[in-house]
Structure formats: structure tokens, C-alpha cells
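Okay, thanks everyone. Let me put the structure up, and then I'll walk you through a few spots.

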Amino acid sequence: MDLTTAIVIVSSSLAPAESMASDLLLDAVDQRSGIRWATTFNWTENSDTRIWLGTEADLHELPQSLATEISKTDPPNKAEGYRIVALPHSNPPSVLVVGHDRRGALYGTGKLLRAMSLSPGRILVPDNLSISTSPRYELRGHQLGYRPSPNSYDAWDLAQWEQYYRDLIVFGANAIEILPPRTKPSLNSSPHYPLPPLEMMTGMSRLADQYELDVWAWYPAVIGDYEDPRVVAQHLQETETFLESIPRLDHLFVPGGDPGYTKPSVLIPLLEKKKALLERFHPNAGLWVSPQGFGKDWLDELLDYIEDSEPEWLTGIVFGPGVRITLKELRGRLPSAYPIRSYPDITHTFHCQYPVPSWDRAFALTEGREPINPRPIDQSKLFHFEKNEVIGWLTYSEGCNDDVNKAIWSALAWDPDAELIDILRDYGRHFIGPQFADAFAQGLFALERNWRGPILANQEIITTLHQFKNIERNAGDELANNWRFHMALYRAYYDAYLYKRQNRENAAEALAMEALSQAASTGSRQAMYSAQSILQKSLRPDAKDAWRKRIFEIGDNLFENIGMQLSVEKHQASSVNRGANLDMVDFPLSNAPWILARFSEIRALETEAKRLTKLREIVNWTHPGPGGFYDDLGDANRSPHLVRGGGFDTDPGVLRSPADDFELIKEPPFYKINPYRASWLNRASTLHGTPLRMRYPNLDPKARYNVRIVYPADRDDFVPKIRLATDDGFEIHSFIDRPIPAKPIELHIPRAATKDGFLELNLMREVTQHGNGRGAQIAEIWLIRTPDGPPSTSN
């Protein structure tokens, strides 16, 4: 159905949200087609194709023939619902968008835009379009944090925020969450801020109100020790200033931890005081709290208080990152009067609530924790994993890097039965262009597949790049400044460049190992000289590499268009680990830095025999010897003895299963300062009280065994002590601090522990009352069959 020359008729009972609906429609069509439709508020008798925007209460304004046609479809049965009907054979041809209410008209307009094919000079819509729908969940929103941490939001002005609100509405979002000026002990500051934080929050709240979006505020307790009355007084004063400044606020969410970590006996009185402030400035606003980062005792204390007291000041509970029990368990412990809002982390890849399963180390160490991360299949699984226990979702986001994921959560929260491919085709059609709708949707699936399994086994990574290059070539200049396309293109180039680099660096390391293995005949110094020459060459970036150059070009384009900060040096990003992965594009992927650092030590040894011994140690590093076993934990393909547990399908939050985890690289020169083996930069990790288990069947019952183990030198704020024991009670070591810097330690396994030919090792972390739950972590582990005689205890 051709709508190129249509006129738009807005119902006479015009209200703010319906005005926003017509503005949304007219501006989006104009931006994509170059056509500005005429608008009227009265039905006129002429032959022009028309689009009518209104509500169920306005249907009497339609001509009788069109009212009869719309009556053939069932009206939506809930708030925010809508009907859309295309009538290509009516006189005149018409498209009717009928909202159940004002919001419904807005979401109906968004759905019409998703269905349209908008190209320069032409506007089409399917002539069989007939929809009647209402949202399944009442809350469908996203956190939009104007602070330095996100690598884009802090550069956006109010005009950009308004456009982003519209983009979210198109896919069904009905809420946003803003942040106060202080989200960590020091006040937030960014060189990119167009407005001071409180002024921006005021503007964002006012804009949301114009679009009738619910406004939530995430407000952590981070100033200091809240047992100090002066800290409480300062916090409440800042809260009062914030609440008084914000024109619309529907809910206030106070995380118990992450950040903050305030014990319940102190947090509960603080919440009561904040509720009193809420009632002064926003009397209808709800107050929510989460038990994030709480240890077992703190969690029990909070939930027992809620169950016993059923406080009237509390609206509901938020389930988010760092909650130590499952969503279903949380629901089972709460009185039914308290709803649960989910706060799923859709923005991070590791050290997070829902890490990427079986992720290759090469991606983790370079692209990092907050990369451009379309994960359509994973996000859909997570949505369906959570959907039975919550009233809805307001996602945890740290920037536009997760833009695709936002669209998926919004669309599924509206209709959980929606097909994922249809959501992505709508995304491609609306944001990239109708001619690329399917190609872009398939490309997003391909980017997710790029991250599946070992990088070197995934030749599809190169195919993915070619698919996006084809879109770029066919689009000409049409997508030259399309930031959503450029984010996907950036990822495709970056993935492919890593694939090429990993191949090159692995080949160089293999050649270097071959040179070192000949040291007995060539001499240690000559062997090291040959290996060093090979490895140093492999570490030198190729400034002329076309893919590498294109990565930097696209990164600069994203910075210019949307303020996306992919580099600390070039774009003044807040930190490398906050998505600034241009600075990590040449981070070593092999063991070269570690080997070269060892050479400096080995050359200083006094005798050739000692030097040869140390070189053999490098060459044979992963060899466990006859009858032994080696696991590189954190590498899903080299850890056969790790007890995996349920995996992503049944335990996506890895509350009961180990996760493949990685070192959080905070500065690019890390490998020069800390030249670790690559295998020490990944690890298996469990949370809270879940033991990290290694299982070895079919051992020789008569043999002696030692365990050699490398614990990662984690630099988290909370690093608890760890204890290693067998499942049948033999302690291998008591609670200890992990060695820093990381190094292997070797310990004896009592013969009684392996006399039945079976061994299970359990690594446990000490109990703490707050923190991120991590601690039970292993980077590398060998089970070594030893000769009879006195056992080794350390090295």
C-alpha cells in the first residue's frame, strides 16, 4: 500500500502523548524518506490516502464505513494496547492507528513505523496489515545512565536523548531509569558533559513526561559509612535536592549493594527516611530495594524483615546482578504483596550477571567487558528464563553498545511469543533501511555466532565481515553516518582482525617453541635469540593492515556522530575497560610477553645447564607428564576435568555453575607491567558458596599424585581467602591468600584420596557478608603423577 502522498489526521481529543505520536510519525518518516506529510485534525472528503491517529474514545469521528471496518477487529483489552488496520480498498484508502489510550496511540505509531518500508521518495506498508495487541508486561524499560562510565551517554544532549526515547518507544519501551549526580563516592565528572548532571536529569525527566514514559531513578548509597549520622544527613540532603529538581518520578530504586554494600540494619532506616522525602516531592512514587552484593546473613536479614514486618513504605524488590539466590528462590521468600522487577545486565560480557558462554580469551582481553554486543539468542533465552516471576524489566545498560539487546527486551516484554527474526528484521528495516532488513538481521545473528567457541575454529568470522562489507558497498553513502550500522560494522572488522592476529601470533609462538626445543644442540643463548626475534616481530602492530585502519576509521566516525568513546587517548573515554577497546586492538594474544620476560631471567643464570632447564620448562609448560592431566581453566575447550554444572540454558547467571572468566584489563600497558602467561588471564570462577570442582576418574590407585595450581591474581576490591580440599575431606591447603604476582604452587595429594581411582578437588572461598561473590578461581591446574618418595610441597 503506497502512502507516499498520504495525509495524517489526528483525532480532535488531542492530548500530549497523541501529539507526541504524530510528531514521532512525521519526523521518522521525514528523516528516512525526505517526505513531510501534511497534518490535519478533521476528516475531509477527498481522495488522498490518509493515516488516522486516535484512541478508542475517538472512533465516532471516523466515517461510518471506516468505523465499520475497524469494528471487525477486536479492540485491545489492556492499557497501552492498540489496533492498526490497513484498508487499501476503502474510499479513500486509509490506515487506522487506534490506541486503547494515549500511550496506546504512541505504541501503535511505533509499530506502524516498524512495518513501513521507508526509502527516499517512497513510503510503503503491507496492504494486509491488521493488528490488535496489548502488552503482556506492565514494565518495559531501560536504564540510561548519564555519567562517565558509559562510553557514549555522557556526550548526549537533550535532543539526542529525545531521539533515543523515540527509538525505544518504537519497540515498545514505556520506562526509563535515570541516575543522580553521585553514583560513586566522588561526584561524577566527564569532559563530554553538555550539561551538568542534575540539569540533565531534570531535562531527561521532563522529556520522559512529555512522552508519558515512567521515570525511575537508581539511587545508590555510596557516600561512606551510613552508621555515621553525618553521612546519612549528607545523603538525605543530596536526595532532597535531586527529588525537588526532578519534574517526574514514578519510582525510586535503591540498590543494597553494587555499589554501596550497606547492611540491612543500617539500610532499612535509611530507606524509611528516603520514603518520607519521596512523599514530600513525589507522593505517588514507589520505593524499591535490591539485595545485590549481600552475603547469606545480610540477605536473610533483609528478607526476614520484609516477611515479618511487611513494611508499607516498600513497593517491591529488584532482582539484579549480584543477588546470590535465583529469581525463583527470591519470589518464594517474598510475601505475594511485593512484586519483583528484574534488572537484567544486558551490557556486559564477563564479570557480570549473564556472561557470554564459552567466550574465547582473545575477545575478552581485547574487546573487553563493555563492547558492542548484540546477543539476540542469548537475550531471548534470558528473557524467557526470567519471565514467570516478574512484573517486567528495566534493564541495566551502560551505553548504546547494547542497543540491539534493548530492542529485543522491549519487544519480547510486549509480546513474549514474538519471533526473534521478526524483531531483528523490524530493527533492520527501521534503523538501517528496508532493502537491508533481512541482511542486517542475519548479520546480527552472525555477530553473536562470532563469539561462540574457539576463535581459531570459527571461520565464519570472516564470512560475517564480508556480509557487512556487502551491505556497506550496496548502500553507498546512504549509511555513511548511520551509527547503528557502524557499530555492527566495527564489531565485524574487529572480530576478523582478532581472528587474523590470533592465527599469526599462534604460528609465531609455535616457531619460537621449535627454536627453544633445539636449545640443547644450538645452545641456550642462540635458541633464545632466534625465538626472541620471532616473537618480537609477532607483537609489532601492522599499521598498514587495511582491517586495522578501518577499525580506527569507524571508531572515529562513531565518536563524531554519537560521542562513542572507543579510546581513552583519542576520545577521552573514562577507562579502557569501559568499552574503549580501540586501545586494546593490539593487545598480545599469545604467550610472547611472558616468554620474553622469562628470557631476561634465564640469561642471568650462571650455567648452561640451568638455562636449558628453564627453557625446557617453557617448552613443556602444559605437559603434565606420563599419567598426568592439564586443564587451562577459563578456556572451555581445554578444561575437560572441570565440573561444568547446568550451563547457560539452566543456570545463565552461573549461581551454581562455574563461569569462564577473565582478567579485567584496566590499562593497555598491562602486559608490559605484568607479563603473565595468556592462560593466567582467564580462569574458571564460581560465585558465593559454590565450590569450584575438578573431577579426575580412572586414576591409578597405587600411584602418588601432586596438584600444581595457578590461582589468578585478581585485582577486585573483594578478594577472599581460598581453601582447597577433596570431596571426601582431605585438606590440600587451608584458607590462604592468593599469591601476587600469580605463580604455580605444587601440593601433595594424600594417597588415601586417590586409592579408589577417583579424585574430586573442591576450591572454596571464605564467607563474607558483602561483595561481588567471586573468589573461587583457578587459572591453570595440573594433576601430576609423581615417583614414589617424599612428596613435593611447593616450588
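Let's start with a pair of residues: Ser 685 sits opposite Gln 777, which is in strand E26. Keep in mind that this is a predicted model.

Now, how far can we trust the model? The average pLDDT for the protein is 94, and 97% of the residues score at least 70. The stretch to watch is residues 789-795, where pLDDT stays under 50. The model does give that stretch 13 contacts beyond four places in sequence. Still, where pLDDT is low, the predicted coordinates should not be read in detail.

On to salt bridges. How many does the structure hold? There are 62, and I'll pick out a few.

One is Asp 27 with Arg 36, with the closest N and O atoms 2.6 Å apart. Arg 36 comes out as partly exposed, at 45% relative accessibility.

Another joins the side chains of Arg 83 and Glu 56, also listed at 2.6 Å, N to O. Arg 83 is in strand E4 (residues 82-87), while Glu 56 is in the loop between strand E3 (50-55) and helix H2 (64-70), so the pair ties together parts that are 27 residues apart in sequence. Is Arg 83 buried or exposed? At 4% relative accessibility, Arg 83 counts as buried. Glu 56, on the other hand, has a relative accessible area of 21%, which makes this residue partly exposed.

Then there's Arg 136 with Asp 415, where the closest N and O atoms are 3.8 Å apart. This pair links distant parts of the chain, 279 residues apart. Arg 136 is in the loop between strands E8 (130-133) and E9 (139-143), and Asp 415 is in the loop between helices H12 (403-414) and H13 (420-431). Arg 136 is partly exposed at 44% relative accessibility, and Asp 415 is partly exposed at 27%.

Last one: salt bridges with shared partners join Glu 80, Arg 103, Arg 140, Asp 209, Asp 214, Arg 248 and Asp 250 into one network. That's it from me.

Conventions. Residues numbered from 1 in each chain as written. Predicted model: local features only at pLDDT ≥ 70, side-chain atom pairs only at ≥ 80, totals over all residues. Heavy atoms only, no water. Pairing = 2+ DSSP bridges. Helix = DSSP H or I, 4+ residues; strand = E, 2+ residues; numbered from the N terminus. pLDDT = per-residue confidence, 0-100. Contact = heavy atoms within 4.5 Å. Salt bridge = Lys/Arg side-chain N within 4 Å of Asp/Glu carboxyl O. Buried < 20%, exposed > 50% of the residue type's maximum accessible area, 1.4 Å probe, protein only.
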